[in-house]
Amino acid sequence: MNITPKQVLDLATKYIGYREKASNKDLYSFNDNAGAGNFTMFRAELDKAGFWNTPKNGYEWCTSFVAWCFWRIAGSEAKDVLCLTGQYGGESVKVQAKSVTPGFTQQVVQPDDGYDYLSAVTVAAIPAAYADNAAGGRPVTIG
């Protein structure tokens, strides 16, 4: 499924001004029952469709609005488009952490073969010692 940015933005802009609700009441009204309860029509529709593993209405909803836009355009394929399922959905992702030693040239740190991405790259500190001298300077010894 090819989803264009224009499709997503066209749908999203139709809901500018929609206010979250204090409860599950008046979800399809832009203004009625406005409040800080994190209830929205977007979450309600995704919950009804079984989009998430568990119902989410009442939780922060910014991620669900994006997911809802993709779901309205792509249907069930939205989960694959958003990498919620499939190769990068978390089921089969292999993560690697690496440590590197700084050098005098740029280093490009990539995951090794068989890993999908790096969770962290730790760069060792360059050992340096500062000492005051009689002339008022501070020479630095590196290494």
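Which residue takes a positive phi just after H3? In this predicted model, that residue is Gly75, with a phi of about 65 degrees.

H3 contains 13 residues and reaches 19 Å from its first C-alpha to its last, which is close to the 18 Å expected at 1.5 Å a residue. Its buried residues are Ser64, Phe65, Ala67, Trp68, Cys69, Phe70 and Ala74. The cover over these buried residues of H3 includes helix H1 (5–13), H2 and helix H4 (78–81).

Of these covering elements, H2 is now taken up in detail. Two packed helices are described by the angle between their axes and the distance between the axes. For helix H2 (residues 41–48) and helix H3 (residues 62–74), the axes come within 9 Å and cross at roughly 60 degrees. H2 is therefore oblique to H3, because an angle of 65 to 115 degrees would be needed to count as roughly perpendicular and one under 35 degrees to count as roughly parallel. The crossing in which H2 passes H3 is left-handed.

The residues that form this contact can be named on both sides. H2 contributes Met41, Phe42, Arg43, Glu45 and Leu46, and these meet Ser64, Phe65, Ala67, Trp68, Trp71 and Arg72 of H3. Sorted by class, the contact of H2 with H3 comprises seven nonpolar, one polar and three charged residues.

When its neighbours within four places in sequence are left aside, Ser64 is in contact with Phe42, Arg43, Leu46 and Trp52. Among these partners, Phe42, Arg43 and Leu46 are also listed on the H2 side of the helix contact.

Is Val123 buried or exposed? Its relative accessible area is 52%, so Val123 is exposed, the cut-off being over 50%. Val123 is found in strand E2 (residues 117–123). With neighbours within four places in sequence again set aside, Val123 is in contact with Val100 and Pro102. From C-alpha to C-alpha, Val123 and Ser64 are 36 Å apart in space, and 59 residues separate them in sequence.

How values were computed. Residues are numbered from 1 along each chain as its sequence is written. This is a predicted model: local features need pLDDT of at least 70, side-chain atom pairs count only at pLDDT 80 or more; totals for chains, interfaces and linings use all residues. Side-chain values use heavy atoms; hydrogens and water are left out. Axes are lines fitted to C-alpha atoms, for helices over the stretch in contact, and angles run from 0 to 180 degrees between N-to-C directions. Helices (H or I, at least four residues) and strands (E, at least two) are DSSP runs, numbered from the N terminus. Angles under 35 degrees count as roughly parallel, over 145 as roughly antiparallel, 65 to 115 as roughly perpendicular and the rest as oblique. A crossing is left-handed if the near helix is turned anticlockwise from the far one by less than a right angle, and right-handed if clockwise. Contact means heavy atoms within 4.5 Å. Ala, Val, Leu, Ile, Met, Phe, Trp, Tyr, Cys and Pro count as nonpolar, Asp, Glu, Lys and Arg as charged, and the others, Gly among them, as polar. The expected span of a helix is 1.5 Å times one less than its number of residues. Buried means under 20% relative accessible area, exposed over 50%, partly exposed in between (1.4 Å probe, protein chains only).
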